Amino acid sequence: VAALLQFHHPGGAPQLREVLALFGLDPADVDAEFGVVATDPAAGLFVVRVENRGLEEARAALARRAPHPGEGLFSDPPVEPFGPAGDP
Amino acid sequence: MPARRVIVEYRSDPELARPASSSVKALEAEPLEHLLPAEDVVFDPAFAPVRLPAIVTRGGRREEDGAPLPTEADPSAEGATYLLRAELGDAQIEALRAHDAVAGVFSDPVVEPCLTCIDSPALGDDADVEELLRVADLRGCEMTGEGVMVAIVDGGVNVAYLAEHGKHPSFSAAASWGFAIGVKPGSVAVGHGTMCAFDACIAAPACTLLDIAVLRPFSPIGTGLGALLSDAVRAFSHLQGLLAGPDRPRALVVSNSWGMFHPSWDLPPGDAGNFSDNPNHPFNRSVGALAALGADILFAAGNCGPQCPDSRCQGVSSNAIYGANGHPQVLTVAGVDIANERVGYSSIGPGRLTDRKPDVSGYTHFKGSGVFPSDSGTSAATPVVAGVIAAVRSKRAFDSADPATSPAAIRALITSTAHDLGTAGYDYEHGYGVVDGARLRDEVCEEARPQPAGG
């Protein structure tokens with residue numbers, strides 16, 4: 001199960017390789033196609049999608065960082081439309 | 001203490017026969033006094049006695065061989081009984097039944113109109129919705145959505161289909177976004193997203209549509225449309241870039257007709273990574289950031305209303321407005337039909353992130369786009385309201401220097417002008433009421449305001 005790793009990076013959006021270095025992750029630990037996405041850029045918050053195999057390392061890295069209320073590993077639940085049932 | 005409502009059937013009584021001769025005359029309290037066989041029985045004097053004729057076998061024959069004989073109502077007063085409405089405690093029911101004058105005591109349950117469920121037939125059509133929203137009056141004041149971008153965050157839009165069905169909005173392929181390379185914005189197979197786009201165009205026929213194709217043809221957990229929330233994170237980041245960039249539109253309305261159906265889809269409440277209840281979740285932060293840039297964001301309340309919830313709700317119909325669908329900086333939309341009756345599947349509040357959710361109701365369950373037998377779900381209600389907001393934005397574009405044009409001010413305008421439904425004031429079923437185009441026009445359109453005398 002993948003999760004969203006949200007982190008604080010006040011200097012603007014980092015490259016994916018910078019994120020890997022910051023959290024001690026391998027390239028295979030993250031969803032490269034997803035990349036680094038801004039969630040609240042004015043607050044310096046960005047997110048990457050971490051695969052199951054990288055969650056423990058990400059969790060450990062988060063524990064070593066200065067606490068920030070926006071940082072953490074978050075769920076990536078499915079969503080579906082609230083519309084009519086069946087096919088058009 | 002009287003608590004239970006009952007119907008009391010009395011045997012023939014001249015005091016009851018007189019008021020029963022009129023269908024509208026209520027009973028005076030005094031004639032009831034002699035009927036009181038038990039204490040703590042409170043009759044309803046506003047309820048005129050209803051005469052119930054005796055049922056007799058035709059021709060007065062008696063049943064001899066066990067076979068049922070034809071029956072008919074006896075029009076004479078003899079043998080007739082009279083129904084009264086009363087309230088009493090449970091302990092009084094048997095005492096009342098034991099009284100010689102009482103033929104029976106029956107429950108008087110609350111009955112309500114049959115609510116529309118997702119498989120109910122359509123009620124009215126998009127022309128009715130147009131009339132209810134007073135779209136002609138909005139158009140007369142140039143409230144058409146012109147110059148306003150309306151992002152349909154859904155499964156993709158088919159612009160050609162819209163044109164074939166009488167909707168001719170502008171379309172910005174450049175500002176659109178899709179989850180997959182090779183999907184041409186505005187040319188996606190006709191489906192839920194096209195229905196939503198059609199419904200936004202009811203009140204905003206001249207808006208500029210954006211196709212923000214987040215939902216994939218196959219949900220990660222089902223067979224229909226769906227996505228992961230991270231897809232929406234990417235889409236909202238794209239929209240943030242649009243508002244922060246050099247080609248910023250004068251207004252952006254973002255319509256979202258999707259969400260979670262069951263808490264098991266998420267981490268549990270209290271978990272630091274939870275989405276449903278957690279304002280720090282990346283998508284909830286993303287929604288707040290987009291609103292701060294000036295976007296008007298709408299989310300459907302959901303289809304987990306207690307009367308006829310979607311099967312995916314798995315019976316959970318309370319606290320079922322999850323995460324961003326109940327974000328404090330979005331307008332959360334419930335559904336009503338064109339008779340202003342809440343549809344039974346429309347999720348009720350409170351919201352998980354904000355207590356007072358939904359905010360407002362929009363019309364749904366009408367024959368409209370032709371994509372489905374009815375444009376239904378809170379899915380349809382949401383773009384209908386998004387179109388109304390786009391119409392408002394034609395006259396009141398976002399200006400970061402003017403607080404009266406902020407998304408919060410627009411939400412307050414929509415809720416304060418809504419036509420109240422249900423219990424007086426706010427309620428968790430309808431929010432502040434159904435969006436009211438006429439009152440919005442009066443508030444927003446300077447030309448519609450009465451001119452001062454001599455002015």
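Modeller: This is a predicted model, and we can go through its disulfides, a few strands and some helix packing.

Biologist: Start with the cysteines. How many disulfides does the structure hold over all chains?

Modeller: There are three disulfides over all chains. In chain B they follow the pattern 1-4, 2-6, 3-5, where the bonded cysteines are counted along the chain.

Biologist: Take B:Cys117 and B:Cys308. How far apart are their sulfur atoms?

Modeller: The sulfur atoms of B:Cys117 and B:Cys308 are 2.2 Å apart, and the two form a disulfide. The pair links distant parts of the chain, 191 residues apart. B:Cys117 sits in the loop between strand 7 and helix 3 of chain B, and B:Cys308 in the loop between strand 15 and strand 16 of chain B.

Biologist: Is that disulfide left-handed or right-handed?

Modeller: The torsion about its S-S bond is about -100°, so the disulfide of B:Cys117 and B:Cys308 is left-handed. B:Cys308 has a relative accessible area of 13%, so B:Cys308 counts as buried.

Biologist: And what about B:Cys141 and B:Cys445?

Modeller: Those two form a disulfide as well, with sulfur atoms 1.6 Å apart. The link of B:Cys141 and B:Cys445 is right-handed, with 100° about the S-S bond. B:Cys141 lies in the loop between helix 4 and strand 8 of chain B, while B:Cys445 lies in the segment after helix 11 of chain B, so the pair ties together parts that are 304 residues apart in sequence. B:Cys141 and B:Cys445 are both buried.

Biologist: Which cysteine does B:Cys304 bond to?

Modeller: B:Cys304 forms a disulfide with B:Cys313, and their sulfur atoms are 2.0 Å apart. The torsion there is about -90°, so this disulfide is left-handed. Both B:Cys304 and B:Cys313 are buried.

Biologist: What about B:Cys196?

Modeller: The closest cysteine sulfur to that of B:Cys196 is in B:Cys201, 11 Å away, so it is too far for a bond. B:Cys196 has 2% relative accessibility and counts as buried.

Biologist: New topic. Is strand 15 of chain B enclosed or open?

Modeller: Five of its five residues are buried, so strand 15 of chain B is largely enclosed by the rest of the structure. Both of its faces are covered, with B:Asp296, B:Leu298 and B:Ala300 on one side and B:Ile297 and B:Phe299 on the other.

Biologist: Which strands does it pair with?

Modeller: Strand 13 of chain B runs parallel to strand 15 of chain B and is joined to it by four bridges. Strand 16 of chain B also pairs with strand 15 of chain B in the parallel sense, over three bridges. B:Leu298 is the bridge partner of B:Ser255, and B:Leu298 also stands opposite B:Leu331 in strand 16 of chain B.

Biologist: Now helices. How do helix 9 and helix 10 of chain B pack?

Modeller: Their axes are 11 Å apart, and the angle is about 120°. Helix 9 of chain B passes helix 10 of chain B in a right-handed crossing. Helix 9 of chain B contributes B:Ile389, B:Val392 and B:Arg393 to the contact, and helix 10 of chain B contributes B:Pro407, B:Ile410, B:Leu413 and B:Ile414. Six of these contact residues are nonpolar, none is polar and one is charged.

Biologist: What else do the buried residues of helix 10 of chain B pack against?

Modeller: Besides helix 9, they pack against helix 8, strand 15, strand 16, strand 17 and helix 11 of chain B. Among these buried residues are B:Arg411 and B:Thr415.

Biologist: Last one, chain A. What is the strand order in its open sheet?

Modeller: The open sheet of four strands has the order 2-3-1-4, with antiparallel pairing. Strand 2 and strand 4 of chain A are the edge strands, each pairing on one side only. The twist averages 35° from one strand to the next.

Biologist: Which helix of chain B lies across strands of chain A?

Modeller: Helix 7 of chain B lies across strand 1, strand 2 and strand 3 of chain A, and runs at about 80° to strand 2 of chain A.

Definitions and conventions. Residues are numbered from 1 along each chain as its sequence is written. Chains are lettered from A and ligands numbered from 1 in the order in which they are written. This is a predicted model: local features need pLDDT of at least 70, side-chain atom pairs count only at pLDDT 80 or more; totals for chains, interfaces and linings use all residues. Side-chain values use heavy atoms; hydrogens and water are left out. Axes are lines fitted to C-alpha atoms, for helices over the stretch in contact, and angles run from 0 to 180 degrees between N-to-C directions. Helices (H or I, at least four residues) and strands (E, at least two) are DSSP runs, numbered from the N terminus. A crossing is left-handed if the near helix is turned anticlockwise from the far one by less than a right angle, and right-handed if clockwise. Contact means heavy atoms within 4.5 Å. Ala, Val, Leu, Ile, Met, Phe, Trp, Tyr, Cys and Pro count as nonpolar, Asp, Glu, Lys and Arg as charged, and the others, Gly among them, as polar. Buried means under 20% relative accessible area, exposed over 50%, partly exposed in between (1.4 Å probe, protein chains only). A disulfide is a pair of cysteine sulfur atoms within 2.5 Å. Two strands pair if DSSP finds at least two bridges between them.
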